[in-house]
Amino acid sequence: MNTIKLERIKKNEIFKAWLLQRKGFKETLKKYKDYKTSPATEGFISFYHKFTNQCADNYWVISNEKIAGAICIVSRPDCLWIGRFYILSEFRNKGIGQQALLLAEGLYPKSKQWCLDTIFEEKNNIHLYQKLGYREYGERKIINDKMTLIQFEKEIE
């Protein structure tokens, strides 16, 4: 049984977080060739500014005491936004992503609305979000001939 927890990423871990983000999105970059929008191609300075944004909380996803991925939660006026969420390939398909999202939602019990975007062609991602009660909304955004982004939201009562 996996023991999953979220731990806040410390400022002295920013460079490590950036390197793991690049690793975490590397397969997606190869598959969809989204060189302009992929977190795998984001420069360190841009990552640093997003990381240190006062509206963003960054967490390691820890599985059995090992870093399995990361999740960034951004406070927006209308919702909490899930951004830069990934599970490293060697930890995928073990329920870690699902548990991490539920833990993230639990960290913000007053939030009534959660939002995110994901790749339409990634059916496993869509299945995960729908299973947790997220519903598609808004316009789809075509990134290139291989990839379309869709938005999901979840209302919590």
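Which helices and strands each supply at least two residues of the lining of the largest cavity? The legends below start with that view of this predicted model.

**View 1. The largest cavity and its lining.** Helix 1, helix 3 (44-51), strand 2 (56-63), strand 3 (66-75) and strand 4 each bring at least two residues to the lining. Strand 3 gives the most, with three residues. About 70 Å³ of space lies in this cavity, and the structure holds one cavity of 30 Å³ or more.

**View 2. F25 and Y86, an edge-to-face pair.** The structure holds nine aromatic pairs. In the one formed by F25 and Y86, the rings are 5.4 Å apart centre to centre, with 65° between the planes, and the arrangement is edge-to-face. This pair links distant parts of the chain: F25 is in the loop between helix 1 (14-24) and helix 2 (26-32), while Y86 is in strand 4 (residues 80-87), 61 residues apart. Both F25 and Y86 are buried.

**View 3. Y129 and F152, a tilted pair.** Here the ring centres of Y129 and F152 are 6.0 Å apart and the planes make an angle of 45°, a tilted arrangement. Y129 lies in helix 5 and F152 in strand 7 (residues 147-155), so the pair ties together parts that are 23 residues apart in sequence. Y129 and F152 are both buried.

**View 4. A cluster of rings.** F15, W18, F44 and Y48 are joined into a cluster by ring pairs.

**View 5. Charges over rings.** Two close-ups share this panel. In one, the charged end of R76 sits over the ring of W81, 4.0 Å from the ring centre. In the other, the charged end of K123 sits over the ring of F120, 3.7 Å from the ring centre.

View 6. Is H127 buried or exposed? Its relative accessibility is 52%, and the cut-off for exposed is over 50%, so H127 counts as exposed. The residue is found in helix 5 (residues 123-131), the helix that also holds Y129. From H127 to F47 the C-alpha to C-alpha distance is 28 Å, and the two are 80 residues apart in sequence.

Technical notes:
Residues numbered from 1 in each chain as written. Predicted model: local features only at pLDDT ≥ 70, side-chain atom pairs only at ≥ 80, totals over all residues. Heavy atoms only, no water. Helix = DSSP H or I, 4+ residues; strand = E, 2+ residues; numbered from the N terminus. Buried < 20%, exposed > 50% of the residue type's maximum accessible area, 1.4 Å probe, protein only. Phe/Tyr/Trp six-rings, centres within 6.5 Å; stacked < 30°, edge-to-face > 60°. Lys NZ or Arg CZ within 6 Å of the ring centre and 35° of its normal. 1 Å grid on protein atoms, 1.4 Å probe; cavity = no way out; pocket = protein on both sides within 12 Å on 5 of 7 lines; lining within 4 Å. Points joined across faces, edges and corners; volume = space filled by probe spheres on them.
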